[in-house]
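Subject: the structure to look at

Hi,

Here is the structure I promised to pass on. Have a look at it first, then read my notes below.

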Amino acid sequence: MRTTAHRSRARRALARTAAAAALAAVLTGCQAEGGGRAGERGAQAEARPRWNTAPASVAAVGDSITRGFDACSVLADCPEASWATGSDPAVRSLAARLLGEGALATRSWNHAATGSRMSDLAGQLSAAAGHKPDLVTVMVGANDACRATAASMTPTADFRDGFEKALAALRAGSPASQVYVSSIPDLQRLWQQGKDLPVVRQVWRLGICQSMLADPLSSAAEATARREQVRARVVEYNEVLREVCGRDPLCRYDGGAVFRYPFAAEQLSRWDWFHPGKAGQARLAELAHGQVTSAEPPS
């Protein structure tokens with residue numbers, strides 16, 4: 001006959017068994033739920049559109065760099081020398097490399113405009129969307145930092161809002177277009193290339209990027225701090241481009257390639273030593289082509 005102590009031990013053992021069974025059930029449920037979420041994530045990854053490395057049409061938007069400003073003559077656009085859609089064989093633009101020179105007139109379009117800022121991008125992308133291009137190139141933001149003073153640069157929050165609205169404008173008109181986003185060049189490095197040349201300083205006084213280029217030979221603390229402030233803002237803008245582009249499955253950011261590229265004097269315009277000359281435009285085209293035709297985005 002069982003004693004009270006035996007019955008108590010039996011009840012405790014039963015309770016432990018029941019608790020273990022309940023815990024096992026909970027763990028099994030959690031694992032199943034987690035596995036379900038992992039499966040969903042895998043399915044979403046598989047559903048992500050595959051990047052087309054051979055687009056058959058190209059539209060370009062942006063600012064003076066994409067218009068080939070100062071690449072052919074002083075203070076003038078030269079779209080035939082554009083890195084994105086130009087026809088100049090010395091440049092071999094991205095569109096020429098992708099489509100062949102014979103297709104440039106019918107399957108490439110340049111909606112960039114000298115002086116454009118991020119606030120102008122939505123209108124340009126809306127126009128580009130009308131062509132339903134396979135690929136849209138974006139290079140914008142230098143003019144948001146290149147202002148009369150550092151204090152008048154576009155706030156980073158406004159820059160972000162403008163880029164988000166611009167991509168939305170493109171998606172409203174051409175949901176399937178791929179987007180290649182170039183980083184903004186390092187304006188401080190460009191200042192370093194031309195600051196010691198008297199003729200260049202004369203051109204800069206005409207009003208080119210005064211937030212960076214004013215008092216180009218000054219080493220005073222105020223001038224140095226101003227240039228660092230402009231460079232820091234460009235870094236912030238590039239981070240915005242990376243983040244916002246990263247949320248769009250058909251958008252590819254260049255990973256900062258243009259910002260990091262050490263443009264040499266011979267690759268800059270011989271009129272302003274700030275905008276890319278034909279050699280610089282060719283290098284931009286080469287960088288873009290390598291990234292657009294890569295199966296994987298830049299790391």
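Lys132 sits in the loop between α4 (121–129) and β3. Its phi is positive, at about 50 degrees, although Lys132 is not a glycine. The other one to look up is Trp273, in the loop between α11 (257–260) and α12. Trp273 has a phi near 50 degrees, again a positive value in a residue other than glycine. About the names: helices (H or I, at least four residues) and strands (E, at least two) are DSSP runs, numbered from the N terminus.

Before you go further, some housekeeping. This is a predicted model, where local features need pLDDT of at least 70, side-chain atom pairs count only at pLDDT 80 or more, and totals for chains, interfaces and linings use all residues. Residues are numbered from 1 along each chain as its sequence is written, and side-chain values use heavy atoms, with hydrogens and water left out.

How far can you trust it? pLDDT is the predictor's confidence in each residue, from 0 to 100. The mean for this protein is 88, with 84% of its residues reaching 70 or more. Residues 1–46 are another story: pLDDT stays under 50 there, and the model has two contacts beyond four places in sequence for that stretch (contact means heavy atoms within 4.5 Å). Where pLDDT is low, the predicted coordinates should not be read in detail.

Now the sheet. Which order do the strands take? The open sheet has five of them, arranged β2-β1-β3-β4-β5, with parallel pairing. Two strands count as paired if DSSP finds at least two bridges between them. At the edges are β2 (108–110) and β5 (251–253), each pairing on one side only. Ignoring direction, neighbouring strands are turned by 15 degrees against each other on average. Strand β1 (residues 58–62) pairs with β2 over three bridges, in the parallel sense. If you want to find one of the partners, Ala60 is bridged to Asn110 in β2.

Helix α12 (residues 278–292) lies across β3 (135–139), β4 and β5, at about 135 degrees to β4. As for α10, it lies across β4 (178–181) and β5, running at about 150 degrees to β5. For these angles, axes are lines fitted to C-alpha atoms (for helices over the stretch in contact), and angles run from 0 to 180 degrees between N-to-C directions.

On to helix packing. Helix α6 (residues 156–173) and helix α10 (residues 221–246) have axes that come within 10 Å and cross at roughly 30 degrees. That is why α6 and α10 are called roughly parallel to each other: angles under 35 degrees count as roughly parallel, over 145 as roughly antiparallel, 65 to 115 as roughly perpendicular and the rest as oblique. From α6, the contact includes Phe159 and Phe163, and from α10 it includes Tyr237 and Val240. By class, this contact of α6 with α10 has eight nonpolar, one polar and five charged residues. Here Ala, Val, Leu, Ile, Met, Phe, Trp, Tyr, Cys and Pro count as nonpolar, Asp, Glu, Lys and Arg as charged, and the others, Gly among them, as polar.

Next, α4 and α6: their axes come within 8 Å and cross at roughly 15 degrees, so α4 and α6 are roughly parallel to each other too. Leu121 and Leu125 are among the α4 residues in the contact, and Leu170 and Gly173 are among those of α6. The contact has nine nonpolar, two polar and one charged residues.

Which way do α7 and α10 lie? The axes of helix α7 (residues 187–194) and α10 come within 8 Å and cross at roughly 135 degrees, so α7 and α10 are oblique to each other. Leu187, Gln188 and Trp191 in α7 meet Arg227, Glu228, Val230, Arg231 and Val234 in α10.

Cheers
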